[in-house]
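Here is a short briefing on charged side chains that pair up. Have the sequence and the model at hand as you read.

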Amino acid sequence: MKKFNLFLFLFSLCCVYQASAQTAATPDFFAGKWEIAINGTPNGDVKFLTDLVRKDGKLTGELMNANDTTAAKRPITKIEESADRIAIYFETAEVGELSIDLAKVDDDNLKGMVYNFEATGKRVK
C-alpha cells in the first residue's frame, strides 16, 4: 500500500509540474516595430512604419508614412489579434475605415491583404 501511495503522489506531482510548464507565458509576438507595405494601390506602393505597444492588455499604436515622415500619423482605431493573425484598423479620408489583415509567416514576416491589395509586414530590428 505504501508503494501505491508513493506512486500516486509522484504521478500527481508530475501532472502538476507538466500543467504548470504548459501555462508559461508566451512572448508578445506582434508588439514591436513593423514596416508594413501595401502594393499596387491607386496611389502606388505605400509603406507604413508602426510601433505596436501593449497597453492595458491591448495593442495600440500609430501608422506613419515611411516615405513622408512629415505627414500626419494615422491613429490605429483598433486591433484584433489571435496567435498567428492580426487586423489593424485605421481611418482614411478616401474610403473610411480600412483594416490591414496580416498572418504570421515566420518570426519576422507577415503577409496578408488590405481591401484588394497585397500587404506584407516586416519586423524592424
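Salt bridges that share partners bring Asp28, Arg54 and Glu81 together in one network. Please keep in mind that this is a predicted model. Searching the whole structure turns up 5 salt bridges, and three of the pairs are described below.

**Asp108 and Arg123**

- Asp108 pairs with Arg123 in a salt bridge, with 3.2 Å between the closest N and O atoms.
- This pair connects distant parts of the chain, 15 residues apart: Asp108 sits in the loop between strand S7 (96–106) and strand S8 (109–114), while Arg123 belongs to strand S9 (residues 117–123).

**Asp28 and Arg54**

- A salt bridge joins the side chains of Asp28 and Arg54, at 2.7 Å from N to O.
- Here too, distant parts of the chain are linked, with the partners 26 residues apart: Asp28 lies in the loop between helix H1 (2–22) and strand S1 (32–41), and Arg54 lies in strand S2 (residues 44–55).
- Asp28 is partly exposed, at 33% relative accessibility, and Arg54 is partly exposed as well, at 31%.

**Lys78 and Glu80**

- Lys78 and Glu80 form a salt bridge whose closest N and O atoms are 3.6 Å apart.
- Glu80 has 40% relative accessibility and counts as partly exposed; Lys78, at 39%, is also partly exposed.

Terms used. Residues are numbered from 1 along each chain as its sequence is written. This is a predicted model: local features need pLDDT of at least 70, side-chain atom pairs count only at pLDDT 80 or more; totals for chains, interfaces and linings use all residues. Side-chain values use heavy atoms; hydrogens and water are left out. A salt bridge is a side-chain nitrogen of Lys or Arg within 4 Å of a carboxyl oxygen of Asp or Glu. Helices (H or I, at least four residues) and strands (E, at least two) are DSSP runs, numbered from the N terminus. Buried means under 20% relative accessible area, exposed over 50%, partly exposed in between (1.4 Å probe, protein chains only).
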